[in-house]
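Good morning, everyone. Please have the sequence and the model open while I talk.

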Amino acid sequence: MVIPALIVLGIAGASLFGPLFLPFTYWETHPELGASPPSFANGHYLGTDLLGRDLLVRMLYGGRISLMVGLLSTTVSLLIGVPYGAIAGYLGGRIDEVMMRIVDILYSLPYMFIVILLVALFAQPGTVDALVDVLDLTPHSPLVGWLRGPGLRLILLFMALGAVSWLTLARIVRGQVLVLKNMGFIDAARALGQTRTMIIVRHLIPNTLGVIIVYTTLTIPSVILQEAFLSFLGLGIRPPQASWGTLVNEGVQAMAVAPWLLIFPGGMLAVTLLSLNFLGDGLRDALDVRI
Amino acid sequence: MVRYVIWRALSSIPLLFLVITVSFFLVRLAPGSPLARERAMPPEIRARLERHYGLDQPWSIQYWNYLRGLLRFDLGPSYKQKEASVNALIARAWPVSATLGALAFALALLAGVALGCLAATRRATFTDRSLVFLALVGVSVPNFVLGPLLVLIVSLNLLWLPPAGWGESRHVVLPAITLAAPYVAYIARLTRAGMLQALQEGYILTARAKGLREYGVLIKHALRVGILPVISFSGPAIAFLVTGTVVVERIFAIPGLGNLFVQAAFNRDYTLILGIVLVVSTALFLFNLLVDIIMVILDPRIHYGEA
């Protein structure tokens with residue numbers, strides 16, 4: 001379990017700090033180079049893409065985006081899933097049945113279609129205009145400029161992805177709460193007159209942290225995968241921004257003449273996901289969690 | 001039993017309704033009408049087009065008209081593809097996706113269960129450990145990485161199979177493998193876990209003591225219980241498979257529903273988007289109902305009414 005952890009940390013570290021050490025930027029194009037293979041000689045260690053942009057730097061930037069989306073979306077899904085599961089588990093009875101039925105039904109919906117729908121419909125300049133109106137933002141501020149650029153898509157992405165990833169977490173938390181609520185210290189808290197909310201917030205949830213950590217470690221790769229999926233289709237991050245998904249897309253298009261453009265980003269994505277999944281599985285086995 | 005089926009079917013209808021309604025209003029809330037991308041046109045013509053498609057009326061009326069159309073199984077005209085109705089477009093695309101999906105699902109079930117059983121019976125050996133690791137790899141490698149990699153190796157270098165297209169039986173091999181791969185892995189893991197648990201039960205010892213051959217013990221007894229988590233997973237599995245077709249169809253240029261949906265999303269073709277979401281959601285509900293019925297039949301320990 002140490003190896004995957006090191007790999008993940010290594011990739012995260014490289015993504016955050018790597019670009020500082022490399023002489024190229026992710027958006028500089030050198031059309032005269034056009035898709036040159038990896039070489040140590042000219043400094044492009046992993047080669048360049050069709051427009052002459054250095055692949056290594058783009059991959060590291062992609063790492064930043066993927067990790068950021070992964071962490072933020074997982075946070076959203078934590079914020080939704082943990083309270084939902086805790087409330088369903090603690091209140092029990094009819095409410096629990098209904099809440100879990102909703103989770104079951106949502107779990108079998110083609111939610112990715114809805115995510116695609118959301119992103120395709122709302123990632124437009126019109127939305128930014130509407131937001132400027134409704135939230136009374138300064139029309140030419142850097143914030144609005146960022147929104148018009150990659151900002152809006154990023155926000156839509158990680159909200160949408162978080163909103164579809166909370167289901168498993170809710171189930172797990174509920175299961176754990178069901179076990180906890182029969183324990184002595186909860187009776188004691190009730191005898192002391194604590195309200196239901198306080199019991200949930202101050203006793204139940206902190207004691208579910210173990211499970212939460214395990215399943216968070218498993219949610220992150222799922223979200224990263226979904227972001228790459230959407231970016232691959234062109235519905236997530238767009239070029240020239242370099243998400244691993246867009247890099248794989250470019251790689252697929254240039255596959256016949258420049259296979260390194262597919263192999264390296266695809267490999268990095270696969271290795272990251274593999275390590276995270278391995279880590280999560282290991283944690284789950286170690287803590288012997290049952291659903 | 002019949003009551004359970006009816007209760008499940010009925011509880012799905014409000015949800016279907018919710019999906020339709022939410023999609024309908026979402027699509028209309030988005031900035032830019034479907035005609036916004038057209039060439040600039042004189043206002044009279046734009047007004048005429050809007051009247052033709054019913055876009056100039058208040059949303060409640062559009063919604064009501066849409067619902068009435070649904071009762072007649074009419075999903076409306078496509079806004080972007082001028083001569084085609086949504087019904088026709090979907091009718092052309094869904095057999096393609098259904099074929100691909102069914103093949104991938106069958107592959108995933110067969111290969112997954114077989115590999116899972118293999119791993120369970122050879123627990124803690126090299127075979128088991130490597131299968132477990134392979135399963136993890138299978139779950140981690142995205143289908144849009146695996147697909148092009150397969151094409152790169154098999155089609156462009158070895159020249160064994162075509163890289164894209166649809167129509168002959170050899171076109172279906174690579175897409176089906178790409179689509180099925182993560183589910184082979186997941187089902188193998190589930191089967192292995194289920195079988196390991198089933199093999200520890202008392203009746204397995206009885207069956208062996210009675211002299212039943214190992215093969216019979218496996219299939220007739222252990223598998224019937226061990227396979228339950230797999231069947232229970234089939235519902236969500238099909239949902240994920242449908243999602244997977246979106247990417248696989250793009251990569252292999254297959255004219256199925258996934259491809260159509262992405263096109264519609266890019267073009268903001270409202271009725272087509274809604275139509276596909278509706279058709280796919282209905283199909284999934286029906287399938288999940290079927291899976292639930294099968295579960296109840298197979299495992300008499302489940303009581304109807306329990307979630």
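One term before anything else. Two residues are in contact if their C-beta atoms, placed from the backbone, lie within 7 Å.

Now some housekeeping. This is a predicted model, so local features need pLDDT of at least 70, side-chain atom pairs count only at pLDDT 80 or more, and totals for chains, interfaces and linings use all residues. Residues are numbered from 1 along each chain as its sequence is written, while chains are lettered from A and ligands numbered from 1 in the order in which they are written.

Let's take the two chains in turn. Chain A has 11 helices and 0 strands. Helices here are DSSP runs of H or I with at least four residues, strands are runs of E with at least two, and both are numbered from the N terminus. Of the 291 residues of chain A, 46% count as buried. A residue is buried if 20 or more other C-beta atoms lie within 10 Å of its own, exposed if 12 or fewer, and partly exposed in between; again, C-beta atoms are placed from the backbone. The C-alpha trace of chain A spans about 75 × 50 × 35 Å along its principal axes. Take its contacts with a separation of 6 or more: 70% are between residues 24 or more positions apart.

Chain B has 12 helices and 0 strands. It has 307 residues, and 37% of them count as buried. For chain B, residues 24 or more positions apart make up 73% of the contacts with a separation of 6 or more.

Next, where do the chains meet? On the chain B side, 39 residues are in contact with 40 residues of chain A. Which elements of chain B give two or more residues to that side? They are α1 (2-29), α5 (126-140), α6 (143-157), α10 (228-251), α11 (257-267) and α12 (270-298). α10(B) gives the most, with 9 residues. By class, this side of chain B has 31 nonpolar, 7 polar and 1 charged residues. The classes work like this: Ala, Val, Leu, Ile, Met, Phe, Trp, Tyr, Cys and Pro are nonpolar, Asp, Glu, Lys and Arg are charged, and the others, Gly among them, are polar.

Stay with α10(B). Its axis and that of helix α9 (residues 209-233) of chain A come within 11 Å and cross at roughly 40°. Axes are lines fitted to C-alpha atoms, for helices over the stretch in contact, and angles run from 0 to 180 degrees between N-to-C directions. Who makes the contact? From α9(A) come A:F229, A:F232 and A:L233, and from α10(B) come B:V246, B:V247 and B:R250. Those residues divide into 5 nonpolar, no polar and 1 charged.

A second spot links the chains. A:Y107 lies in helix α3 (residues 93-107) of chain A. Leaving aside neighbours within four places in sequence, A:Y107 is in contact with A:L167 and B:P236. Is A:Y107 buried or partly exposed? A:Y107 is partly exposed, because 16 other C-beta atoms lie within 10 Å.

Compare A:L261, in helix α11 (residues 260-287) of chain A. A:L261 counts as buried because it has 27 C-beta neighbours inside 10 Å. Beyond four places in sequence, A:L261 touches A:D49, A:L55, A:E250, A:G251 and A:A254.

Helix α2 (residues 55-91) of chain A has 37 residues and reaches 53 Å from its first C-alpha to its last, close to the 54 Å expected at 1.5 Å a residue. The expected span is 1.5 Å times one less than the number of residues. α2(A) has a kink of about 25°, centred on A:L78. That bend is the angle between axes fitted to the seven residues ending there and the seven starting there. In α1(B), B:V19, B:S23 and B:F24 are buried. The buried residues of α1(B) pack against α4 (111-122) of chain A, together with α3 (59-71) and α12 of chain B.

Most residues other than glycine have a negative phi. B:A253 is not a glycine, yet its phi is positive, about 55°. You will find B:A253 in the loop between α10 and α11 of chain B. B:A253 counts as partly exposed because it has 13 C-beta neighbours inside 10 Å.
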